[in-house]
Amino acid sequence: MADTELQGIGVSPGRAAGPVYRLAPPPPLPPAPPVIDIAAERARARAAVTTVAAELTRRADAAADATAAEVLRAQVLMAADEMLLEAVDIAIDGGADAPHAITAALAEHRAAFEAAGGYLAERVSDLDDLRDRLVAACLGLPMPGVPSPGHPFILVARDLAPADTAGLDPAVVLGLITAEGGPTSHTAILARTLGIPAVVRCGAVLEIPDGVRVSLNGSSGAVAVGLSEQSAQAVNEAQRALLERRAASSGPGATADGHPVALLANIGSARDLPAGDPVEGVGLFRTELLYLDRTEPPSFEEQVTAYQQVFAALPARKVVVRTLDAGADKPLPFLRLADEPNPALGIRGLRVARAMPSVLETQLSAIAAAAATTEADVWVMAPMVATAAEAAAFAAACHEHGLRTAGVMIEVPAAALRAGTVLRDVDFLSIGTNDLSQYTFAADRMCGDLAELLDPWQPALISLIAACAAAGREAGKPVGVCGEAAADPDFALVLVGLGISSLSMAARSIPAVREALAAHTYDECVQFAKSAFAADTPTTARAAVRS
């Protein structure tokens, strides 16, 4: 496949080049033997669960990034799920040995996750990885994993599981290319967090033999196959020079003519804050990490401690705390919510407070207590808000707890279309482009065949963002974007031109966006936004700005 151009979806910006090596394949499932000792097979399956859970926990504890640790601990929860263990026991009672029982049980879970859609459908690849690890443990075989050729390389896989992606060393794995996945998959999220250029949905990549040099562009999704060693070196040297230049940049975000744009970080805990010079602030503090792996919610005292760690690290800087974003589509054991026919459209986000108001009450009390002991400028926002009445009720609850700045996330088209009325009782809006895209286009975030509908350059999404920004201008209240779209330097220019006042992203993405803004005036950003708004397709919108 020399001198071949392939096309995927760029999900983590940057360029990289080097020889490709594929992820080690999962262990083959041997023919099913007759089961003589049911108790022994049950014990074998339990031992495999213990082994895999311990390994995933070890990786989570060793992960430098809190987001990666959160993802791995969620996978541990899957392994220890009582319903899964019961399904394994039933299969063993029916005559299956431990490896085949595990495979059958996880196949049932996989089908249920796919049918549920939304967040659960995104976890299908996690279940596949869990199956492969459990089967390997049962058979006494090495776990599937990342190759070690002894030199830097481009990692190629059908898809990557959290346990593989979370432990990648950017000095060794120069880039990622997968045949499956999507812009909001764990592969994409963790690649951006680690600063590794990545391309997904590039099916033909599996046909490239190990050792062949390729280059990838994590912004455009282009993959060039059959590079010379000199060409590959040139790509990597240019990327290193670019990163060094960006690393030397600092300070608040602004356009070339001084129009301020707050560049904020998305974090899961204080561990995600970059060392050295702190960021301008936090635009999305995901609090779900505190609630994972629990049969009971975290205590008031535990929450106060976790929030204080973040607030204390950012004195006099803005920290936007998102209240618990979980529910039927992001199940947590202690919530004990009933099964739903379509969890992505059910009890999730702020709606959980209808069933368990004490969870939100305790969280708001803990945030207020932590804020009172630090100098951070603490803002609070609720996820999955659909109506102005919901927004008003949340703002009132925040104010009752002494939290003066309350806002909501715009993830539901109904809220975007009525942004003006939503803003009457809240202080700010924060647009979550991932979910807003999913609900606007009725396209599951993990359905690869519909990935183009989740492109942030889609004109319909741009129109909804523009409506929210216009409502913010009219009300004199800030509107930010905390979805992954904010990390695209070119799209950031469009967002600023539409009137977005802050952009929140993985901390590693901030320098590239800062550099893009500094290279253009605000009037130029407005022209970029007009060009993108007038386009009929994401391709023409992107081309109109990049040209």
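User: What is the handedness of the crossing of α16 and α17?

Analyst: Keep in mind that this is a predicted model. Helix α16 covers residues 433-441 and helix α17 covers residues 459-475, and their axes are 10 Å apart. The crossing of the two is right-handed.

User: And are α16 and α17 parallel, antiparallel, perpendicular or oblique to each other?

Analyst: They pack at an angle of about 120 degrees. Roughly perpendicular stops at 115 and roughly antiparallel needs over 145, so this pair is oblique.

User: How many nonpolar, polar and charged residues are in the contact of α16 with α17?

Analyst: On the α16 side you've got Thr433, Leu436, Ser437, Thr440 and Phe441. They meet Ala460, Leu461, Leu464 and Ile465 of α17. By class, that comes to six nonpolar, three polar and no charged residues.

User: Let's switch to α10 and α12. At what angle do their axes cross?

Analyst: Helix α12 spans residues 357-372, and its axis comes within 8 Å of that of α10. The crossing is right-handed here, and the two helices count as oblique to each other. The angle is roughly 45 degrees.

User: Which residues of α10 make that contact?

Analyst: The α12 side includes Thr362, Gln363, Ser365 and Ala366. By class, the contact has nine nonpolar, five polar and no charged residues. From α10, the residues are Phe300, Gln303, Val304, Tyr307, Gln308 and Phe311.

User: Which strands does α10 lie across?

Analyst: The strands belong to a barrel that eight parallel-paired strands close, β9 through β16 in order. Helix α10 (residues 300-313) runs at about 155 degrees to β11. The strands it lies across are β9, β10, β11 and β12.

User: Last one: how many of the nine residues of α19 are buried, and what do they pack against?

Analyst: Helix α19 (residues 510-518) touches β9 and β16 of the sheet. Seven of its nine residues are buried, so the helix is largely enclosed by the rest of the structure; among them are Ile510, Val513, Arg514 and Leu517. The buried residues pack against α9, β9, α18 and β16.

Note on methods
Residues numbered from 1 in each chain as written. Predicted model: local features only at pLDDT ≥ 70, side-chain atom pairs only at ≥ 80, totals over all residues. Heavy atoms only, no water. Pairing = 2+ DSSP bridges. Helix = DSSP H or I, 4+ residues; strand = E, 2+ residues; numbered from the N terminus. Contact = heavy atoms within 4.5 Å. Axes fitted to C-alpha atoms, helices over the stretch in contact; angles between N-to-C directions. Parallel < 35°, antiparallel > 145°, perpendicular 65-115°, else oblique. Left-handed = near helix turned anticlockwise from the far one by under 90°. Nonpolar A, V, L, I, M, F, W, Y, C, P; charged D, E, K, R; others polar. Buried < 20%, exposed > 50% of the residue type's maximum accessible area, 1.4 Å probe, protein only.
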